[in-house]
Amino acid sequence: MSVLLIDVCHTLYSSNTTFDFLAHYFSDDPRYLRLEKRRQSVLQRVRARLLPGPDQVRADALALLEGEDQTTLVMAAREFVKSLPAIEVTHSYLQSQKSRHVAVYLVSSSLDIVVAELAQILSCDGWFASELGFDGGVCNGQLTTDLTAVKDRVIQSHFKGEQDIEFVTDNFSDANCVPLVKSFRPVFQNKDLRARAFWANKPTAEPITYD
């Protein structure tokens, strides 16, 4: 079976869907606005680039969801995804693969409530995402599963033995998946020289680029 595994944020959509969903959900909440200001600060950006590891701002932002009703969050995610700006070239590639009867799975570190809605809209065969924790239908503000930098585990657990797997993504942290798939296709903007340099010396297929 031929399989296409494809990322979501900045691969299919020009969005960090986790933070953009939270901004949508907490649009008038000063707690989130303070966190967003902290996330956009120069110090935080430098720290994120030089000190890779757990994203404390993300954890603090997700903590704001503690006590929120699961049904309310799912409905909010359903409304949120309608406004996401698509990256047309990767959407076209996804559709071309579907027309060849390739099985398509979204594999994203974004929130499951968002990725599930996108998978339905795109008529995907399945999806994998970071999972929000719920206790009795109420969010506990934490992730029970975080796919950041560990999508290789998805491949090893769910697609082991498949000979024809392609992975399409913009994430540098997904480079650990290169040896596990037949074709690894990076995605980046034409003007992104850092991304072009990062992928240049890795055994990848021709990148998907866009303006």
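Biologist: Which residues of α1 meet Thr72, Leu73, Ala76, Ala77 and Phe80 in α5?

Modeller: In this predicted model, the α1 side of the contact is formed by Thr17, Asp20, Phe21, His24 and Tyr25. The residues of this contact divide into six nonpolar, three polar and one charged.

Biologist: At what angle do α1 and α2 pack?

Modeller: Helix α1 covers residues 17–25 and helix α2 covers residues 30–39; their packing angle is about 150°, with the axes 10 Å apart. Angles over 145 degrees count as roughly antiparallel, and α1 and α2 are therefore roughly antiparallel to each other. The crossing of α1 and α2 is left-handed.

Biologist: Which residues of α1 and α2 meet?

Modeller: From α1 come Phe19, Leu22 and Ala23, and they meet Tyr32, Glu36 and Arg39 in α2. The residues of this contact divide into four nonpolar, no polar and two charged.

Biologist: How do the axes of α2 and α4 cross?

Modeller: The axes of α2 and helix α4, residues 56–63, cross at roughly 170° and come within 10 Å. That makes α2 roughly antiparallel to α4. In this contact, Tyr32, Leu35, Arg38 and Arg39 of α2 meet Gln56, Val57, Asp60 and Ala61 of α4. Its residues divide into four nonpolar, one polar and three charged. Tyr32 and Arg39 are among the α2 residues that meet α1, and they are also among those that meet α4.

Biologist: What is the general idea behind a nonpolar core?

Modeller: In soluble globular proteins, nonpolar side chains tend to be buried together. Here the largest nonpolar core has 45 residues, of which Phe21, Leu106 and Val114 touch the most other members. Helix α7, residues 112–121, gives the most to this core, with five residues.

Biologist: Which residues does Phe21 touch, not counting residues up to four places away in sequence?

Modeller: Phe21 touches Leu73, Ala76, Ala77, Phe80, Leu111, Ile113 and Val114. Leu73, Ala76, Ala77 and Phe80 have already been named as α5 residues in the contact with α1.

Biologist: Where does Asn190 lie, and why does Asn190 count as partly exposed?

Modeller: Asn190 lies in the loop between β6 (183–189) and α9 (193–200). Asn190 counts as partly exposed because its relative accessibility is 32%. Not counting residues up to four places away in sequence, Asn190 touches Arg196, Thr209, Tyr210 and Asp211.

Biologist: How many residues apart in sequence are Asn190 and Ser92?

Modeller: Asn190 and Ser92 are 98 residues apart in sequence, and their C-alpha atoms are 17 Å apart in space.

Technical notes:
Residues are numbered from 1 along each chain as its sequence is written. This is a predicted model: local features need pLDDT of at least 70, side-chain atom pairs count only at pLDDT 80 or more; totals for chains, interfaces and linings use all residues. Side-chain values use heavy atoms; hydrogens and water are left out. Axes are lines fitted to C-alpha atoms, for helices over the stretch in contact, and angles run from 0 to 180 degrees between N-to-C directions. Helices (H or I, at least four residues) and strands (E, at least two) are DSSP runs, numbered from the N terminus. Angles under 35 degrees count as roughly parallel, over 145 as roughly antiparallel, 65 to 115 as roughly perpendicular and the rest as oblique. A crossing is left-handed if the near helix is turned anticlockwise from the far one by less than a right angle, and right-handed if clockwise. Contact means heavy atoms within 4.5 Å. Ala, Val, Leu, Ile, Met, Phe, Trp, Tyr, Cys and Pro count as nonpolar, Asp, Glu, Lys and Arg as charged, and the others, Gly among them, as polar. A nonpolar core is a set of buried Ala, Val, Leu, Ile, Met, Phe, Trp, Tyr and Cys residues joined through side-chain atoms within 4.5 Å. Buried means under 20% relative accessible area, exposed over 50%, partly exposed in between (1.4 Å probe, protein chains only).
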